[in-house]
Amino acid sequence: MRNRRLAVIGAGLVALAACGLSIVFLDDSTSQTRNPTQEAGAESPPTWSAQNQEIIRTALERKRDKILKKGPKRFDAPQEAQDFFMDQRLPLGGEELPSDHLLSELEKLKERETTLAAQRGTATSWTSIGPGNVGGRTRAIVIDPTQPSTMYAAGMTGGIWKSIDSGANWQASDDLLPNLAISTIAIDPTNTNILYAGTGEGFFASIFMHRGVGIFKSEDAGVTWNLLSATSQGTTLGAFSYVNKIAISPDDSNRIYAATFSGVWRSLDAGQSWSVVLRNPNVLGSPAEIQATNGCSVGCTDLVIRPGSSPEVLFAAFGSFQKDGLYRSTDGGDTWVEFQTAPEQGRITIAIAPSDSNRMYLFMSQNSSGFLGRVYSLFRSDDGGDSWVSSLDFSHPFSEWLMSYISIATGCFQSPVIYSQGWYDNAIAVDPVDPDVVWVGGINTLRSDDAGETFGLGGYWFFFLEDPSPPNYIHPDQHTIVFHPDYNGTTNQTMFVGNDGGIFRTNNARAATSQEECPIGPNPGPGPDIEWENLNNGYGVTQYYHGDSARDVDVFVGGAQDNGSSRVQSASTPDQWKLIYGGDGGYVAIDPTNSQRMFIEIQFFPEILVSHDGGETFSPAVTGITDTDGLFITPFAMDPSNPDNLWTGGQRPWRTTNGAVSWDLAGPDIGTAARISAIAIAPSNSNVVYLGFENGYVARSVNALDPSPDWHLYTNGLIPGAFVSSVAIDPDDHRIAYCTYSNYGVPHVLRKGLGSGNWLPMDGSGIADIPDIPVHWVSIRPNNSSELYAGTELGVFMSADGGASWHPFNVGLAHTIVENLDFKDDNTLVAFTHGRGAFLVHLMNPCSTGSVNSGNGPVANVLQVNGSDGGASAIVTVDTREPVTVSLDAAPAGPTGEYALWLWAGGPTDCLDLTFNGSILGSTANPTPLDSNPPGSPQPLRCLMSPGVSPLFCGTVGGRTSPLAVPWQATKARGFRNPGTFTIQAVVEDQGANNPTGYSVTNWVVLKIQ
């Protein structure tokens, strides 16, 4: 055993020997490996099928070949993912995300949505299509100690979730809560209806990633959550931006402690007010009278209260990428003493044995260059933390790699690079009834039965592609370990783990672990007997980057952070998504003519793969690409007119015209050393391709399929240094295009018009705008180019007038990050979110068109309705191939009032759609004139109008109530199905001060449908 010791300094504490400060570097030359063939036991091999075992073996053989050439490909890349997340969103010249601003915009958005809901009544609603079984990064799990069937969990950017049946089903808890990163949840032991949730994920090298806004509190068991103002306004600005742990005193639930990047904070009044009791001088330079730590970038990453202590004995761990230290208070946080640690001390997690509070463990990673995230040691105390000793036996082959990929680092493969992630996934917990049994979580899950000297594997991560997975499969990257409140080690051995795959549960946590890190060898040793169950039953927190929908069948595929690419074969089976490839999933493209052919991507570039069997198997599809300079998630796009044409690229564009059999370089460094961040191909012309860049500019080619295409770089009206998150091209006219920016503080939707090189902002204004939040995607409805949908940081916004005005379109959709929007067909829109999985909405269908105009008589499809007093009538022949536009030629009288346009029809027609600029507002079957409406008959369509406000929905109403405010400039009625003559009547109603009784103008026309 190689001992490492932690020395303790301070009055009344025991100082350990000086040799305890020695530093031992463990490099690749000292790592120990084993040949799995030499350790074959007499026991039977694991139970997974021979066919799937061979699939996994082949996959790892390919992985080995890539490792030898390029280094190992991780299942995920957390730091790179966070850097990419930040690069897309930062304000120009800024260094951190304005989470307070985001929260403010959310509150204003809620008010807008409340107003719209009151006006429109029943509206089109989104439906979640899952995944309810894939999960996402979960750092917090708590269980009601008085009613263990009630559980709470939180996903990064996915909000807080609750189960009342032990995880059999999950529901989002207060879906109006902003979907910020939730790193910790604490439940009041004396009143389990009270919970606290800390926001911000402060474990990264640059902590300005998933920035929080403070601490939320619920007093009704998670039904509603309210931000504690003292954590957002009443303390030093930003001090609670990253709340990593919350601990509640078992003796006085009004005493609450918060471990934050600015230090340890204490509340004595259940969160109403807070004061810092141990400060991180890197963040808080004052007050000088408050004890400071040595200082580090991430501050306090863990905090525990020793059970049975009064006043509370607290332990607080500071540091990760830089050393800081371990601190203890024996007076409830009033004073602290520092434990001396070696310079290589990285992130520390702390665990106290529930059955013996004298037994404590520290799980410590390294911060040194070349060893970042590798385990430093596991320390044990048998005297309540007075003294510590390294208990880890480094002669055991797993010990050096407790925070690394054990299967890569030891027996399976030799590797020039071994990734370790102790700064990112670092968890520890002690068995409730046996202080010698301790669990740790890094990339893998491991258990020690000898007080932390040696460990055995508790599960395997690389069986994610096997369906069903073997019982000892558990997703990698562990963040929290929680035992059932009634755990006794015999009849109840239930334990829960939160990781990058969501929530997993075992009911036999005391079963045998395994010393076999390579279970697919020729003669594998026995695997662990511990069985894991995926508990993501409706726990929809998957973080998609991109997704696509099949056109010919009901198939959806998305690429997700931490969770590869997954597929579902029906929108009605949200809990039946299947993981079809690992890594960090990226862009997806499904052949619209053949859903069996699909392309997916994993992190870094070029990493595109193709499947010809609907996602069952994949093969690399990057032959010919020689560049490696793409974004972490590099865009690629499929030509909607010819699915054999695909585009991708780093600084230079690459093109294939043969379904990715081979790729050709299709241009130079167009964006002046900037990488491609968005791609769009015109639906009406395959030669027209737009490229967006990470530096804010957009390029276009109108001969993109030529051997050497010409490219024009647009800059006029665009924002230098911004991040172009998407580009969309008008489906009817490729000269019109839109691009979006995902940065704060800039215009978010821009439009390039006909024959113009200028891009104009199209964010709207006033109460009809897109707020100052990142916009990640814009989609144009295929059958109506005036109808736009934007995916933003807080849901979806819709425009019915080509971007002149915008309104929230979030009924049924959480206020979460919408990364991309995909039209499955003309009337079905799918949203892939970064935190809440995928959603689908069926847009209102236009009525079927009738017979084509025969040419008899003049055709006039614009019906002018005079806004002044007096009526008019005419007989008009209309063409059913085009919409019939009914517009006001002047604003009605009553400048301060609201105006209403009533449309109804009588005659041989069975359908009338009322639309605004092509966006369907509502439909009525068999419409009849108002003056002949018998009781119970279909009612007319009515829209209440105010200048400058765009509608989303108009209802059929029987009285003069207020469905929805719309502009008076224009509406459209279309879709008359049968020929004949009928009447359409427009009533302009002034409800303002000039006409308090209501009516002012009635106009009507007679239409002859041919």
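Trainee: Why is cysteine 300 called buried?

Mentor: This is a predicted model, and in it cysteine 300 has a relative accessible area of 0%. Buried means under 20%, so cysteine 300 is buried.

Trainee: What makes cysteine 739 buried or exposed?

Mentor: Its value decides: the relative accessible area of cysteine 739 is 0%. With the cut-off at under 20%, cysteine 739 therefore counts as buried.

Trainee: How many disulfides are there?

Mentor: The count is zero disulfides. Cysteine 300 is in none, and the nearest cysteine sulfur, that of cysteine 296, lies 8.6 Å away. A disulfide needs the two sulfur atoms within 2.5 Å.

Trainee: Where is serine 686, and what makes it buried?

Mentor: Serine 686 sits in the loop between β43 (676-681) and β44 (689-693). Its relative accessibility is 16%, and the limit is under 20%, so serine 686 is counted as buried.

Trainee: What makes the pair of serine 686 and aspartate 639 a polar contact?

Mentor: The side chains of serine 686 and aspartate 639 are 2.6 Å apart at this contact. The cut-off for a pair of N or O atoms is within 3.5 Å. Leaving aside residues up to four places away in sequence, serine 686 touches Asp639, Ser641, Asn645, Ile681, Ala704 and Leu705.

Trainee: Why are β27 and β30 called edge strands?

Mentor: The sheet is open, with four strands in the order β27-β28-β29-β30 and antiparallel pairing. β27 (478-483) and β30 (533-534) each have a single partner strand, so one side of each has no neighbour in the sheet.

Trainee: How do you know that β27 and β28 pair?

Mentor: Five bridges join β27 to strand β28 (residues 495-499), in the antiparallel sense. Pairing requires at least two bridges. As an example, phenylalanine 483 has methionine 495 in β28 as its bridge partner.

Trainee: How do you know that the span of helix α2 agrees with its number of residues?

Mentor: Helix α2 (residues 78-89) has twelve residues, which at 1.5 Å a residue should span 16 Å. The expected span uses one less than the number of residues. The end C-alpha atoms of α2 are 17 Å apart, which agrees.

Trainee: Why is α2 called largely enclosed?

Mentor: Nine of its twelve residues are buried, so α2 is largely enclosed by the rest of the structure. Among the buried residues of α2 are Phe84, Phe85 and Met86. The buried residues of α2 pack against β31 (544-549), β53 (775-780) and β57 (818-825).

How values were computed: Residues are numbered from 1 along each chain as its sequence is written. This is a predicted model: local features need pLDDT of at least 70, side-chain atom pairs count only at pLDDT 80 or more; totals for chains, interfaces and linings use all residues. Side-chain values use heavy atoms; hydrogens and water are left out. Buried means under 20% relative accessible area, exposed over 50%, partly exposed in between (1.4 Å probe, protein chains only). Helices (H or I, at least four residues) and strands (E, at least two) are DSSP runs, numbered from the N terminus. A polar contact is a pair of N or O atoms within 3.5 Å; within protein, one must be able to donate a hydrogen and the other to accept it, and residues adjacent in sequence count only if both atoms are side-chain atoms. Contact means heavy atoms within 4.5 Å.
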